[in-house]
Amino acid sequence: MQRKIFVITGPTGAGKTTISRYLEQGYNLKKVITHTTRPPRLGEIDGQDYYFETTTSFNSKHYLEKVEYAGNQYGSSREALALVWQGGNDGVIVLDTKGAQTYAQQLGTQAVIVYVTVSNSTILAQRLAQRGDCPDQIKQRLASQDFQRDLTIPALMEQKVKVILNDDLAVAKAQVDQLMLAQKLENI
Ligand SMILES: Nc1nc2c(ncn2[C@@H]2O[C@H](COP(=O)(O)OP(=O)(O)O)[C@@H](O)[C@H]2O)c(=O)[nH]1
Ligand SMILES: Nc1ncnc2c1ncn2[C@@H]1O[C@H](COP(=O)(O)OP(=O)(O)O)[C@@H](O)[C@H]1O
């Protein structure tokens, strides 16, 4: 059976990491850890949340795709994806919409694209504050073009994307459960 990669995308604060963790814990998906030059947030662990890199170490990896997002570099390495697939698991990866589009193009049906969103984007700033992000970083993030872009599904991906509305986490998880059931039935 073809190994899948679930690509979780959407605007900052929508709940991408939360949904990714739910898929890891509930469905035994293995996280593809990506690389970034962004400094770790409080509680984030190197090699678990991200591989936290210097500019030099970031440039030494082999990337399937990489982007600059709100002033920092992010990239998903072929090494990290191979690690997950070698273990025999389906994978889950959290990407901005630009990265998600690259995955959709390069991996075709192997990539299941999941767009996490909320009905009212004003709630996103509150979630970032609740998460403990520092106010200056929230301001910079919300003012970035990358944030604006990720508020909508790129036209090229519209046909392929599964949407999860995460206003209420229990409802969002139930939508994920439905999606995973549909995936299972597709693979029979
Ligand atoms: N294209 C791409 N995007 C990434 C990668 N790693 C993380 N991202 C995305 O970069 C954006 C910023 O991530 P982060 O600083 O952790 O903040 P977040 O938006 O709160 O998750 C998010 O949209 C992530 O999904 C990567 O390797 N490639
Ligand atoms: N449905 C929800 N209702 C309220 N808070 C949520 C919900 N989903 C996630 N959160 C919280 O919002 C914050 C941002 O979620 P996170 O998963 O880190 O988003 P992202 O990875 O998209 O930036 C976290 O503190 C998370 O616990």
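Predicted model: local features only at pLDDT ≥ 70, side-chain atom pairs only at ≥ 80, totals over all residues.
Residues are numbered from 1 along each chain as its sequence is written, while chains are lettered from A and ligands numbered from 1 in the order in which they are written.

Start with the whole chain. The protein has eight helices and nine strands. Both are DSSP runs numbered from the N terminus: helices are H or I with at least four residues, strands are E with at least two. The C-alpha trace spans about 50 × 40 × 30 Å along its principal axes. The radius of gyration is 16 Å, which agrees with the value near 16 Å for a compact globule of 188 residues. That radius is taken over C-alpha atoms, and the globule rule is 2.2 Å times the number of residues to the power 0.38.

Of the 188 residues, 33% count as buried. Buried means that 20 or more other C-beta atoms lie within 10 Å of the residue's own; exposed means 12 or fewer, partly exposed lies in between, and C-beta atoms are placed from the backbone. Among contacts with a separation of 6 or more, 69% join residues 24 or more positions apart. A contact requires C-beta atoms, placed from the backbone, within 7 Å.

UniProt lists residues 3-181 as "domain: Guanylate kinase-like", in an unreviewed entry. UniProt positions follow the numbering used here, feature names are shortened, and annotations may be inferred rather than shown by experiment. This span is 41% helix and 22% strand, and its end C-alpha atoms lie 16 Å apart.

Now the strands. Two strands pair if DSSP finds at least two bridges between them. Strand 7 (residues 91-94) runs parallel to strand 1 (residues 5-9), joined by four bridges. Here V7 stands opposite I93. Strand 7 also pairs with strand 2 (residues 30-31), again in the parallel sense, over two bridges. There K31 stands opposite V92. G91 and I93 point one way from strand 7, V92 and V94 the other, and all are buried.

Strand 3 (residues 35-36) and strand 6 (residues 72-77) are antiparallel, over two bridges. T36 has Y74 as its bridge partner in strand 6.

Helix 4 (residues 97-107) has buried residues T97, G99, A100, Q101, Y103 and A104. They pack against strands 1, 5, 6 and 8 (111-117), and against helix 7 (145-150). Just after helix 4, G108 takes a positive phi of about 55°.

Two residues other than glycine also have positive phi. N28, near 60°, lies in the loop between helix 1 and strand 2. N28 counts as exposed because it has 9 C-beta neighbours inside 10 Å. A70, near 45°, lies in the loop between strand 5 and strand 6. With 17 other C-beta atoms within 10 Å, A70 is partly exposed.

Finish at ligand 2. It is surrounded by 14 residues, the closest being G15, K16, T17, T18 and R131. A residue is near a molecule if its C-beta atom, placed from the backbone, lies within 6 Å of it. Helix 1 (16-27), helix 5 (123-131) and helix 8 (169-186) each supply at least two residues of this shell. By class, the shell has three nonpolar, seven polar and four charged residues. Ala, Val, Leu, Ile, Met, Phe, Trp, Tyr, Cys and Pro count as nonpolar, Asp, Glu, Lys and Arg as charged, and the others, Gly among them, as polar.

Conventions
Contact = placed C-beta atoms within 7 Å.
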